[in-house]
Amino acid sequence: MLRGLFVVAAYLIMFGLGIGVPFILTLGYEWVDMFRPENILLGAFTAIPFSFLIGSAAIGFYFLSDRRDPPRIGAMIVITVLFAGWVTLTTTWAMVPGAAWAKWDWAFKSVLFSAFIPFVIRSRNQIEAFLQVFIFSLAADTIPAGAKTIVSGGGQYGPTLGLMHRNFWLGEGATLATAALMAIPIIFFLIKHQRIFPRNIWTKIGYLGLVPLSLATAIGTHERTALAGMLVLAGAVWLHSKRKILVAGLCIATGLVIIQIAPQSWMDRMATITHPSEDDSAVVRLQVWAWTLDFVRSHPQGGGFEVYRINQITLPGEDPDSPKTQDARAFHSAYFEVLGEHGWIGLGLFLSLLLLSLRSLRQVARLSRNLPHLAWCRDLSFALQNSLAVLAACGVFIGIAFQPLFYYMFPLSFILREYVRRVQSTPAVAAVEQPEGFALAR
Amino acid sequence: MLDDFAILSTTLCILFILFRAAVLDRSLPWFELKEPSSRSNGASPGAQPNERNFRNL
């Protein structure tokens with residue numbers, strides 16, 4: 001009860017702060033979307049339409065009071081809107097209409113709201129606030145999950161140690177691990193460039209404390225996807241680092257520490273990676289993916305949301321003459337999820353968003369090289385590339401195609417690219433923007 | 001207990017972030033055309049008016 005009252009009071013304060021300031025309401029929406037109060041609270045509090053109210057208010061106040069310097073209607077926004085339209089169209093011919101419209105209801109909002117975010121998040125201060133809210137909303141799950149893992153030596157495969165105790169969003173272990181690992185590069189960016197909190201040793205310790213908690217969260221889920229994510233994160237950080245030998249040494253040392261302190265149950269779970277034939281969930285994945293490829297051969301336009309519910313897969317049992325049959329097994333992959341549900345066109349649009357995000361971030365890194373006033377943009381582009389690499393890699397093994405993670409990374413990369421464009425398109429900045437040596441030569 | 005601590009501490013942090021972001025949004029330029037330290041030294045007099053123009057668009 002007290003928890004519910006506190007969360008509702010915080011929500012109302014966010015509304016109060018955001019009256020007439022749509023970017024604050026957008027940050028409030030981001031918190032609701034990540035934290036999911038309706039899934040954490042109990043009783044009458046679950047009936048409050050938290051995200052609908054604050055999301056509508058953000059859009060409404062944008063049109064009423066703050067349409068300054070909108071972004072270009074570029075490929076990212078156009079494809080996002082097309083994708084939102086296409087997933088609506090595929091829902092009209094969905095194979096499982098009831099479940100499809102239920103998923104459409106939240107998935108459509110996630111996709112479409114991501115096209116709105118670049119209109120309200122434009123300045124450096126707004127970008128940083130967006131990142132801070134992402135990290136601290138996630139920390140509501142990673143602090144307890146990480147601390148419980150450190151204290152108890154980890155949980156067990158299946159139920160998560162976070163706030164949500166249902167198999168959805170951050171209540172699902174692999175999704176929680178992915179989000180926790182994605183947060184690490186952003187935390188390091190904030191340590192270096194944040195301006196919202198006072199810059200002192202205590203703030204730095206606070207941020208640094210979130211890093212081991214995030215890693216412990218990923219380990220505590222006992223998900224093999226988390227191990228894949230950790231390896232991809234280490235590779236991406238090494239690739240973007242200037243001091244490659246030092247970073248390689250740090251990554252190896254972190255890996256050795258994890259191996260030393262990780263519980264035996266985690267080691268046993270990871271060992272199943274090398275014996276996929278003995279593990280049901282790996283075989284199920286492969287069977288569902290094969291079913292999806294077969295399904296889109298006859299339904300290239302996709303079968304609508306939740307189409308996996310019609311699948312039936314056969315697993316090799318202990319006795320080869322009596323294989324086990326299972327129905328309605330989930331996709332366990334963001335890419336196969338989009339392919340099965342929205343066909344080749346849907347997958348094309350989704351991959352286009354992913355590739356465009358990567359391209360935008362690489363452009364930012366290139367355009368901001370040797371420009372001191374854009375150094376934070378370059379660092380953020382590397383941090384987001386590392387986070388996106390983790391998300392894209394873990395997305396191979398979890399059905400998170402319509403969860404918020406992708407739909408925050410896509411607009412963030414576009415927003416950063418737009419920020420650099422706005423700065424560089426200012427005539428007066430031309431002289432300032434030259435590398436220092438060049439400017440002095442003039 | 002730990003869950004409640006996490007909810008309390010992170011939600012308070014987020015409220016602080018929103019409050020500070022709203023305050024800074026009024027005081028900081030939207031598009032920083034040079035490093036804050038060089039601005040305080042009075043370099044590039046053209047930058048400030050342009051930053052204001054962005055805000056007033």
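This is a conversation about how the labels used for this two-chain predicted model follow from their definitions.

User: Before we start, what should I know about the numbering and the model?

Analyst: Residues are numbered from 1 along each chain as its sequence is written, chains are lettered from A and ligands numbered from 1 in the order in which they are written. This is a predicted model, where local features need pLDDT of at least 70, side-chain atom pairs count only at pLDDT 80 or more, and totals for chains, interfaces and linings use all residues, while side-chain values use heavy atoms, with hydrogens and water left out.

User: Thanks! What makes a residue of chain B count as in contact with chain A?

Analyst: Contact means heavy atoms within 4.5 Å. By that rule, 37 residues of chain B are in contact with 47 residues of chain A.

User: And how do you know how much area chain B and chain A bury between them?

Analyst: The size of an interface is often given as the accessible area lost when the parts come together. Buried area is what two parts lose on being put together, with a 1.4 Å probe and summed over both. Here chain B and chain A bury about 3900 Å², and 72% of it is on carbon and sulfur atoms. On the chain B side, B:Ile7, B:Leu18 and B:Trp30 lose the most area to chain A, together 17% of what that side buries.

User: Why is the pair B:Asp4 and A:Arg3 called a salt bridge?

Analyst: The term asks for a side-chain nitrogen of Lys or Arg within 4 Å of a carboxyl oxygen of Asp or Glu. The side chains of B:Asp4 and A:Arg3 come to 2.8 Å, N to O, so the pair qualifies. The rule finds 2 salt bridges across this interface.

User: Which helices of chain B supply the side that touches chain A?

Analyst: Helices and strands here are DSSP runs, numbered from the N terminus (H or I of at least four residues for helices, E of at least two for strands). Helix H1 (2-27) and helix H3 (47-56) of chain B each supply at least two residues of that side. The largest share, 23 residues, comes from H1(B).

User: Let's move to chain A. Why is A:Glu418 called buried, but A:Arg72 partly exposed?

Analyst: Buried means under 20% relative accessible area, exposed over 50%, and partly exposed in between (1.4 Å probe, protein chains only). A:Glu418 has 1%, so it is buried. A:Arg72 has 43%, and therefore counts as partly exposed.

User: How do you know that A:Arg72 and A:Glu418 form a salt bridge?

Analyst: Their side chains meet at 2.9 Å, N to O. This pair links distant parts of the chain: A:Arg72 is in the loop between helix H4 (50-65) and H5 of chain A, A:Glu418 is in helix H16 (residues 404-424), and they are 346 residues apart.

User: What makes A:Arg421 part of one network with them?

Analyst: A:Arg421 also forms a salt bridge with A:Glu418, the closest N and O atoms being 3.0 Å apart. Both lie in helix H16 of chain A, 3 residues apart, about one turn of the helix. At 21% relative accessibility, A:Arg421 counts as partly exposed. Salt bridges that share partners join A:Arg72, A:Glu418 and A:Arg421 into the network.

User: Is A:Arg36 buried or exposed, and what does it pair with?

Analyst: A:Arg36 has a relative accessible area of 8%, so it is buried. Its salt-bridge partner is A:Asp33, with the closest N and O atoms 3.6 Å apart. A:Asp33 is also at 8% and counts as buried.

User: Last one: where is A:Thr274, and why is it called exposed?

Analyst: A:Thr274 sits in the loop between helix H12 (264-271) and helix H13 (280-298) of chain A. Its relative accessible area is 60%, so it is exposed.
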